[in-house]
Amino acid sequence: MHTVEHRAVVPAESAGQRLDQALATLFPDYSRSRLQAWIRAGHVRIDGRQLRPRDKVDGGEEVVLNAVLEDETDAAAEPMQLAILHEDEEILVLDKPAGLVVHPGAGNPAGTLVNALLHHRPDLRALPRAGIVHRLDKDTTGAMVVACTPAAHAALVRQLEERSVRREYQAVTVGVMTGGGTVDAPIGRHPVDRVRMAIREGGREAVTHYRVLARFRGHTHVLCKLETGRTHQIRVHLASIRNPIVGDPVYGGRLAVPKGASAALIEALRGFRRQALHAARLELVHPGHGETVAFEAPLPADFAALLEALQADLEA
C-alpha cells in the first residue's frame, strides 16, 4: 500500500455535479467506487470541509485528497513462469497457457494467474483483481492485457466498456460452415445448470462476428471477433448455430468424427481434451502514450497440430 496525495480545483464546468462525479473527472486514475469510499472515509476535503458523495459542487472549490491505496487482494504471490508478450510501466500483455485459472476461487485457491502476477509485480496488489481487466476461461489460450497502474486500469476498463478494444479469437468448430456471419443473442446463466451459460431472453447483450479461415472434411477453422465479452460467449454462440468448438467439455457434445476420417485425425480429435479456442490478437489504445497498439499470441502447439491433422486428412 502507498499514500495518495492530490490537490486540485473543481472546474467551473463541473458546477451542479455530484462531488463523486466531479472527482471522477479530476482524478480519472481512480474508479468512481474508490473515490466514493475515500469521500465517505473523510480522505477528501472540499475547501476544508468533509462532504458526502452526493453533495453538489459549485465550481472553484479547492480539493485536497489524502488517502492510502490499500491492497485489493490478499492472494499469495507464487513464482510461476509467464509467457510475456509485452511489458512496460503501464501494461503487461501475456500469452495465457491452457489449464491456467485466472482468478483464485472455490477449488482454486492458489496456482492462478493472479498469484503469478503478484510474484512478478508485487505492486499489482493495490489494483482490483491484480490489474486483470478481462479474463479467459481456464482452457482457453492466448493474449490477455493486465493494467499495471491505477491510471492504466481506469483507462482499460473504460475502453472495454466503450467496446473499443478489438479482440480476435481463432477456433476449430464441428461441422463445415458455408460462410461467416454474426450471432447476436443475449447470454445469461443457465436456469438449471449454474455452471453453464445459455442464450436467454433477458440475458446480457452479446454479439460475436465470425468468418471462415479454412474448411476441412467435417470441421471449420474460424476467426471470431467480439463486440461484447460475456462469460463463455464464443463457446455458447457457436454451439447455438450447431457448430460447437472441438473439445469443448461443456458445450461441445459427443466427439464428432467425420465420415472417412483417417486414423491420424481420429487420434488427434480424441486427444484434444480442451476447447479449441485461442485469443490470437488484442488491439487497444495504450493508456500511457495514447497510440493504438496490437499484440498477437502464436497458436499453441496442440492447436497447430490439430489444424495440421485436419489439413492432412483433407488432402489424403
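Trainee: From each of domain 2 (84–162) and domain 3 (166–315), how many residues does the lining of the largest pocket draw?

Mentor: At least three from each of the two. The domain bounds come from an automatic or database domain assignment. This is a predicted model, in which local features need pLDDT of at least 70 and side-chain atom pairs count only at pLDDT 80 or more, while totals for chains, interfaces and linings use all residues. Residues are numbered from 1 along each chain as its sequence is written, and side-chain values use heavy atoms, with hydrogens and water left out.

Trainee: What makes a set of points a pocket and not a cavity?

Mentor: Both are found on a 1 Å grid over the protein atoms alone. A cavity is a set of points where a 1.4 Å probe fits but cannot get out; a pocket is an open set with protein on both sides within 12 Å along at least five of seven lines. A lining residue has an atom within 4 Å of a point. By that rule 32 residues line the largest pocket, and H134, R135, R167, G229 and R230 are the ones nearest its centre. Two or more lining residues come from each of α4 (150–161), β7 (166–174), β9 (187–189) and α5 (233–240), with α4 giving the largest share, 4 residues. These elements are DSSP runs numbered from the N terminus: helices are H or I of at least four residues, strands E of at least two.

Trainee: What volume has the largest pocket?

Mentor: About 920 Å³. Grid points are joined across faces, edges and corners, and the volume is the space filled by probe spheres set on the points.

Trainee: How do the residues of its lining divide?

Mentor: Into 12 nonpolar, 10 polar and 10 charged. Ala, Val, Leu, Ile, Met, Phe, Trp, Tyr, Cys and Pro count as nonpolar, Asp, Glu, Lys and Arg as charged, and the others, Gly among them, as polar.

Trainee: Why is the second largest pocket said to lie between domains?

Mentor: Domain 2 (84–162) and domain 3 (166–315) both give residues to its lining, so the second largest pocket lies between them. Its volume is about 430 Å³. Of its 18 lining residues, R135, D137, K138, V195 and H232 are closest to the centre.

Trainee: Which residues line the largest cavity?

Mentor: H134, V145, L156, L160, V165 and L284. The class count is 5 nonpolar, 1 polar and no charged. About 30 Å³ of space lies in this cavity, and the whole structure has 1 cavity of 30 Å³ or more.

Trainee: What makes a set of residues a nonpolar core?

Mentor: Its members are buried Ala, Val, Leu, Ile, Met, Phe, Trp, Tyr and Cys residues joined through side-chain atoms within 4.5 Å. Buried means under 20% relative accessible area, exposed over 50%, partly exposed in between (1.4 Å probe, protein chains only). The largest core has 48 residues, among which L113 and L117 touch the most other members. Domain 2 (84–162) and domain 3 (166–315) both contribute to this core, so it lies between them. A second, separate core of 20 residues includes V4, L23, I39 and L51.

Trainee: Why is α5 called largely enclosed?

Mentor: Because 6 of its 8 residues are buried, α5 is largely enclosed by the rest of the structure. The buried ones are Q233, I234, R235, V236, H237 and L238. Just after α5, R242 has a positive phi of about 65°.
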